[in-house]
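Have the picture open while you read.

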Amino acid sequence: MASLFDSIDDVQSALLAGRYIADRALATVIFLATRLGKPLFLEGEAGVGKTEVAKVLAEVLHTRLIRLQCYEGLDVHTAVYEWAYARQIMHLRLLEARGEASTASEKDLYSAEFLIARPLLQAVQWDGSVPPVLLIDEIDRADEEFESFLLEFLSDFQITIPEIGTIRAMRPPIVVITSNRTREVHDALKRRCLYHWIDYPTFEAEYQIVMLKVPGITQQLAFQVTTVCQQLRQAELFKAPGIAETLDWATALVTMGRQELDEATVNETLGVLLKYQDDVQRVRGEMVHGLVQRAHGRR
Amino acid sequence: MDSSNVRMVAADLLAHQQLPANLLHFVRLLRQLGFRISAERVTDLLQGLTLIDLTRRNDCYHVMRACLVTHPEQIPLFDRAFNLFWLGREQWLLELGATTFQRPTPLRQQALRAARMSSRERLDDRYLPPEEGSQHAAESELSATYSPWETLRHKDFAAMSREELQLAQRWMDALIWRMGERRTRRRIRAYKRTCCLDLSTTMRKSMPQQGEIVHLAWQRPRFKPRPLVIICDISGSMERYSRLFLHFMYAVRQGAKRVEAFVFGTRLTRITSALRHRDVDTALQEVSQEVVDWSGGTRIGESLKTFNYRWSRRVLRNGATVIIISDGWDRGDIALLRHEMDRLQHSCHRLIWLNPLAGAPHYQPLVRGMQAALPYVDEFLPLHNLESLEAVVRRLGEPIMPRATPSIGRFLR
């Protein structure tokens with residue numbers, strides 16, 4: 001495989017061009033994943049930018065992003081391929097109408113024409129010059145059955161369709177698997193991947209991300225927003241805000257035309273940051289006062 | 001060989017009083033547990049038993065096992081069935097067996113019950129030896145093995161002697177766990193007409209007939225046992241029970257899939273991985289090394305908060321049932337307890353509180369921790385002796401109606 005990235009720095013700058021700020025550790029695993037052709041297993045709290053990695057990768061590599069959203073009961077028909085049985089039946093009826101029913105053969109009906117390729121098959125069938133990015137999102141939501149299937153798929157990137165044969169990927173896709181860790185994913189799967197835990201960003205990183213991703217934000221507001229979010233993550237909350245929330249909040253504030261934070265605005269917009277009523281109640285009032293004071297550098 | 005032949009042989013043996021009268025009944029039970037036992041095998045067994053000394057229980061066991069078991073996987077189940085049946089716990093075995101291995105539909109349950117009744121009647125009417133005296137003798141022999149168990153069943157765990165505790169633990173190990181089930185989103189092939197047509201298989205099967213659909217394929221949702229989370233109080237006030245309840249958690253963990261176990265006094269400790277050891281002593285030793293707050297104070301609220309914040313999202317997926325075992329003595333923050341109980345109830349399918357003190361005849365939940373927690377508990381049951389434990393096990397397997405009030409955590413289940 002032609003190397004997609006020459007070095008770790010290359011990865012970092014490419015991602016930055018795609019407006020994604022990756023720390024050295026993340027850039028390293030991405031570099032390794034593309035070099036070794038191994039799947040990348042990203043774990044972390046909700047909203048730290050796991051899915052975004054795959055999106056940006058596809059964008060900077062000018063290739064296609066193939067996304068498979070996992071859920072319980074995900075099966076071969078939705079993940080790999082399915083026969084368009086409705087069209088098969090139609091085809092048969094047409095033959096019948098033409099008096100050619102006896103010519104209907106299994107080979108015709110189970111041919112590529114009636115095959116619906118789902119994400120995994122699409123990834124294997126890809127014939128572009130750059131391998132596609134296959135995003136298997138929130139694997140922890142799928143059940144164990146799907147996980148076992150994935151094991152097989154990830155080891156040789158080939159899919160066997162009984163009626164057609166085995167299809168092997170010309171260029172193994174760049175696989176990004178994400179997990180919110182609502183359950184432990186089996187070791188066997190993790191062992192086949194490069195594992196990386198994406199943590200909440202540092203203050204500097206988050207500030208950079210806000211500046212990069214929120215058009216029209218002032219340095220002052222970005223600084224204050226970042227301060228508040230960083231502080232909130234220290235507090236004991238049922239669900240701390242992720243970067244996704246930070247960005248939503250910053251965008252909301254810009255839309256509202258705010259240049260800097262004040263207590264009233266924070267109280268009004270807490271719902272953008274915190275998604276549990278308990279958390280909102282705990283933070284609102286007293287704690288917001290402290291947060292805003294600190295954001296203004298008064299404490 | 002047909003069944004009338006078996007009856008003849010049995011009647012013959014019984015006439016010679018060489019066979020315990022309920023052997024055929026035991027065979028029937030095994031069949032209900034999913035064993036395939038042909039009439040021929042039963043005859044073999046009956047004849048085999050005439051060749052050995054029936055007073056040696058172990059020899060009997062091996063003859064029966066040789067005749068009735070056909071697969072190594074069946075042996076543990078056979079052992080349990082054997083022990084329970086010959087200890088006189090037959091009724092209980094029936095209850096569990098009938099539902100463990102076949103999903104009961106009301107109709108099938110009725111049929112099973114009818115079959116059981118009639119088999120018992122037939123046994124009583126025709127196959128028991130005519131002499132009244134010998135029947136009584138057999139019965140009294142049974143009850144002789146039965147009564148110490150009956151006493152033990154009703155004895156409070158706290159009052160048990162060392163030996164009795166060991167017996168109780170062994171009894172727990174033999175329990176057959178069946179969790180209530182939940183419908184998953186996965187579908188599997190159904191062999192009779194259901195609501196959902198499996199069109200792609202139907203199409204596939206029509207190919208030999210040039211696409212003429214002759215046979216319809218159906219699918220049905222698959223069911224899986226619910227996950228179980230046990231959170232057990234091991235503080236000072238629970239000291240008398242702690243060891244036994246640990247064993248209880250060990251037994252559940254060994255007996256059922258997807259069990260998570262936690263203990264708490266002043267802080268919460270997850271002991272699931274420690275309990276994975278097959279050997280009970282190793283398991284419990286590892287637990288005792290991990291837990292730092294044995295027999296200390298109790299802070300239920302704080303412990304539940306840790307659970308809610310750190311574990312609930314990971315272990316309460318797929319409609320888990322949560323069991324809290326505690327006497328409700330709490331020296332922590334009561335408002336916090338209330339709050340966290342509320343959150344916990346809203347994020348699980350069913351919240352069960354087992355209280356070892358609630359078995360007392362005039363028990364009132366007067367302790368403030370218990371009072372605070374009660375409104376958020378779906379079921380409040382005593383857990384003070386083997387009988388109550390039996391009731392809990394039975395309750396876990398029963399389907400329940402959904403809660404009347406909608407909850408914020410409903411997407412979790």
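A:Arg181 sits in the loop of chain A that runs between β8 (174-179) and α9 (187-191). Keep in mind that we're looking at a predicted model here. What is the phi of A:Arg181 near? The value is near 65°, which is positive even though the residue is something other than glycine. That deserves a second look, because most residues other than glycine have a negative phi.

Chain A has another case of this kind. A:Arg19, again not a glycine, has a positive phi of about 60°. You'll find A:Arg19 in the loop between α1 (8-17) and α2 (24-36) of chain A.

Are these arginines buried or partly exposed? To count as buried, a residue needs 20 or more other C-beta atoms within 10 Å of its own, while 12 or fewer makes it exposed. A:Arg19 has 13 C-beta neighbours inside 10 Å, so it counts as partly exposed. A:Arg181 has 15 such neighbours inside 10 Å, and therefore it is partly exposed as well. Here's the pair side by side:

| Residue | Phi | C-beta neighbours inside 10 Å |
|---|---|---|
| A:Arg19 | about 60° | 13 neighbours |
| A:Arg181 | near 65° | 15 neighbours |

Now zoom out to the whole of chain A. It's divided into domain 1 (8-80 + 118-197) and domain 2 (203-292). Taken over C-alpha atoms, the centres of domain 1 and domain 2 of chain A are 31 Å apart. Where these domains touch, domain 1 of chain A puts in 8 residues and domain 2 of chain A puts in 9 residues. On the domain 1 side of that contact, you get 3 nonpolar, 2 polar and 3 charged residues.

Over to chain B. It has 16 helices and 9 strands, and 30% of its 413 residues count as buried. Take the contacts in chain B between residues at least 6 apart in sequence: 76% of them join residues at least 24 apart.

How many of its residues are buried? The count is 6 of 6, so to speak a strand that is mostly covered. Both faces of β8(B) are covered: one side has B:Arg350, B:Ile352 and B:Leu354, the other has B:Leu351, B:Trp353 and B:Asn355, and all are buried.

Which strands pair with β8(B)? One partner is strand β7 (residues 321-325) of chain B, which runs parallel to β8(B) and is joined to it by 5 bridges. Across that pairing, B:Ile324 stands opposite B:Trp353. To get from β7(B) to β8(B), the chain goes by way of helix α14 (residues 334-347) of chain B, and the three make a right-handed β-α-β unit.

Strand β9 (residues 379-382) of chain B is another partner, again parallel, with 4 bridges to β8(B). In this pairing, B:Leu354 has B:Leu381 of β9(B) as its bridge partner. The crossover from β8(B) to β9(B) passes through helix α15 (residues 368-373) of chain B, and this β-α-β crossover is right-handed too.

Chain B also comes in pieces: domain 1 (3-154), domain 2 (181-225) and domain 3 (228-412). Between domain 1 and domain 3 of chain B, the contact takes 5 residues from each. On the domain 1 side, α6 (90-100) and α8 (132-154) of chain B each supply at least two residues, and α8(B) gives the most, with 3 residues. That side divides into 2 nonpolar, 2 polar and 1 charged.

What about the meeting of the two chains? Here 13 residues of chain B are in contact with 19 residues of chain A. On the chain B side, β1 (181-190), α10 (199-205) and α13 (300-315) each give two or more residues. The chain B side divides into 4 nonpolar, 4 polar and 5 charged residues.

Finally, how far does the predictor trust all this? For the complex, it gives an ipTM of 0.75 and a pTM of 0.70. Chain B has a mean pLDDT of 75, with 74% of its residues at 70 or more. Confidence in chain B is highest in β7(B), at 94, and lowest in helix α7 (residues 106-127), at a mean of 44. Over residues 115-147 of chain B, pLDDT stays under 50, and the model has 26 contacts beyond four places in sequence for them.

Note on methods. Residues numbered from 1 in each chain as written. Chains lettered and ligands numbered in written order. Predicted model: local features only at pLDDT ≥ 70, side-chain atom pairs only at ≥ 80, totals over all residues. Contact = placed C-beta atoms within 7 Å. Nonpolar A, V, L, I, M, F, W, Y, C, P; charged D, E, K, R; others polar. Domains from an automatic or database assignment. Pairing = 2+ DSSP bridges. Right-handed = clockwise from strand over helix to strand, strands pointing away. pLDDT = per-residue confidence, 0-100.
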